[in-house]
Amino acid sequence: MHIAITGSIATDHLTHFPGRFSDQLLPDKLDHVSLSFLVDDLQVHRGGVAANIAFGLGCLGLHPVLVGAVGRDFEEYGAWLHRHGVDTRSVHVSRTRHTARFLCTTDDDGNQIASFYAGAMSEAATISLGTVAERVGSLDLVLIGANAPEAMLRHTQDCRTAGLPFAADPSQQLARLRGEEIQELVTGADILFTNEYESTLLLRKTGWTPADVLARVDTWVTTLGDKGCRVQRQGEPPVEVAAVPVAEPADPTGVGDGFRAGFLAAIAWGLTPTRAAQLGCAVAANVLRAVGPQEYRLSGDELLSKCGLAYGPEAAADFGHHLPRER
């Protein structure tokens with residue numbers, strides 16, 4: 001099954017300031033702020049929703065096609081993804097812009113000052129999914145992830161024009177998109193991914209009811225943090241899937257992307273949406289135990305054990321036919 005993952009590709013630059021931002025802010029000088037923080041730590045992680053999801057799918061033994069825009073500084077990152085089973089030949093390389101960057105400083109109270117540089121991501125709308133499908137022979141599913149809004153709309157229309165099944169995953173771009181744009185991105189999707197907050201925001205901005213959404217998509221998957229997820233389909237009762245427990249969570253960054261990788265892998269294997277949600281929760285648990293969205297490792301044996309404990313031996317048996325046993 002050929003799956004294309006479209007969306008952002010970025011690097012995260014994370015620093016720590018040993019103190020409180022609030023102690024450095026002078027109430028009577030807030031209209032002339034000029035501050036520089038000496039930080040004591042720097043962590044650089046590979047990120048971007050599309051790259052994170054593609055990485056997870058590659059670790060599960062699939063060979064997803066990554067679709068996005070990067071700068072010429074992407075070479076090392078691209079090699080990393082290639083080593084983990086990701087097809088990067090449809091990634092557009094900008095001649096003038098750097099790969100998108102997230103720059104964030106966190107203080108001792110957990111407050112953050114951050115900037116996001118879109119960079120090459122602004123060129124993602126130049127990529128034709130028709131050309132991608134022609135190169136790989138066919139596309140069985142396209143995930144439309146958070147990206148430059150023009151690219152998200154263009155790729156959704158490409159799917160409709162070519163009759164390609166697609167999954168809508170607008171996530172953090174819901175805050176920026178207008179209601180009519182969200183309606184355009186969601187209508188006709190085989191799968192809609194949201195988290196609990198995003199589902200409420202989507203309903204408010206579109207004016208739809210949950211029934212309206214279910215009349216326009218085949219399957220609506222809502223992640224619920226440590227409570228797991230909910231799977232809804234028109235005419236069927238909602239299915240709640242519990243999360244896989246994590247004793248010592250390390251970092252939530254990329255957990256939702258890991259869930260999507262597990263879910264899409266199970267769908268590619270022909271399993272039910274409920275089984276897909278269970279595998280998604282198991283992969284998400286691995287991500288939560290690591291610092292950084294692509295710093296985890298997946299072991300087929302470990303995933304089978306987790307799924308067996310959380311969801312029973314039948315679930316483990318269904319996954320056992322597909323999971324790579326050593327990775």
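Glu 181 is buried, at a relative accessible area of 15%. Arg 178 is partly exposed, at 47%. The two side chains meet in a salt bridge, with 3.4 Å from N to O. The model is a predicted one, and the values below are computed from it.

Arg 233 has a relative accessible area of 26%, so it counts as partly exposed. Asp 218 is also partly exposed, at 39% relative accessibility.

A further salt bridge lies within a helix. The side chains of Glu 302 and Lys 306 meet at 3.5 Å, N to O. Both residues belong to helix α10. They are four residues apart there, so about one helical turn separates them. Glu 302 is partly exposed, with 28% relative accessibility. Lys 306 has a relative accessible area of 14%, and buried means under 20%, so Lys 306 counts as buried. Salt bridges can also share partners. Asp 87, Arg 89 and Arg 135 are joined into one network in this way.

In one of them, the rings of Phe 55 and Tyr 296 have centres 5.4 Å apart. Their planes stand at 90°, so this pair is edge-to-face. Phe 55 lies in helix α1 (residues 49–59). Tyr 296 lies in the loop between α9 (273–288) and α10 (300–311). The pair therefore ties together parts that are 241 residues apart in sequence. Phe 55 is buried, with a relative accessible area of 0%. Tyr 296 is buried too, at 3%.

Ring pairs also build a cluster. Its members are Phe 17, Phe 21 and Phe 37. A charged residue meets a ring elsewhere. Arg 46 lies over the face of Trp 80, at 3.8 Å from the ring centre.

The chain as a whole was then described. Its secondary structure comes to 11 helices and 14 strands. The chain has 327 residues, and a compact globule of that length would have a radius of gyration near 20 Å. The chain has 20 Å, so the value agrees with that of a compact globule. Along its principal axes, the C-alpha trace spans about 60 × 45 × 45 Å.

Burial and contacts complete the description. Of the 327 residues, 52% count as buried. Contacts between residues at least 6 apart in sequence were also examined. Of these, 67% join residues at least 24 apart. The chain exposes about 15100 Å² of surface. Carbon and sulfur atoms supply 51% of that area.

Note on methods. Residues are numbered from 1 along each chain as its sequence is written. This is a predicted model: local features need pLDDT of at least 70, side-chain atom pairs count only at pLDDT 80 or more; totals for chains, interfaces and linings use all residues. Side-chain values use heavy atoms; hydrogens and water are left out. Rings of Phe, Tyr and Trp (its six-membered ring) pair if their centres lie within 6.5 Å; planes under 30 degrees apart count as stacked, over 60 as edge-to-face and the rest as tilted. Helices (H or I, at least four residues) and strands (E, at least two) are DSSP runs, numbered from the N terminus. Buried means under 20% relative accessible area, exposed over 50%, partly exposed in between (1.4 Å probe, protein chains only). A charge sits over a ring if NZ of Lys or CZ of Arg is within 6 Å of the ring centre and within 35 degrees of the ring normal. A salt bridge is a side-chain nitrogen of Lys or Arg within 4 Å of a carboxyl oxygen of Asp or Glu. The radius of gyration is taken over C-alpha atoms; the globule rule is 2.2 Å times the number of residues to the power 0.38. Contact means heavy atoms within 4.5 Å. Accessible areas come from the Shrake-Rupley method with a 1.4 Å probe; for residues, only the protein chains shown count as cover.
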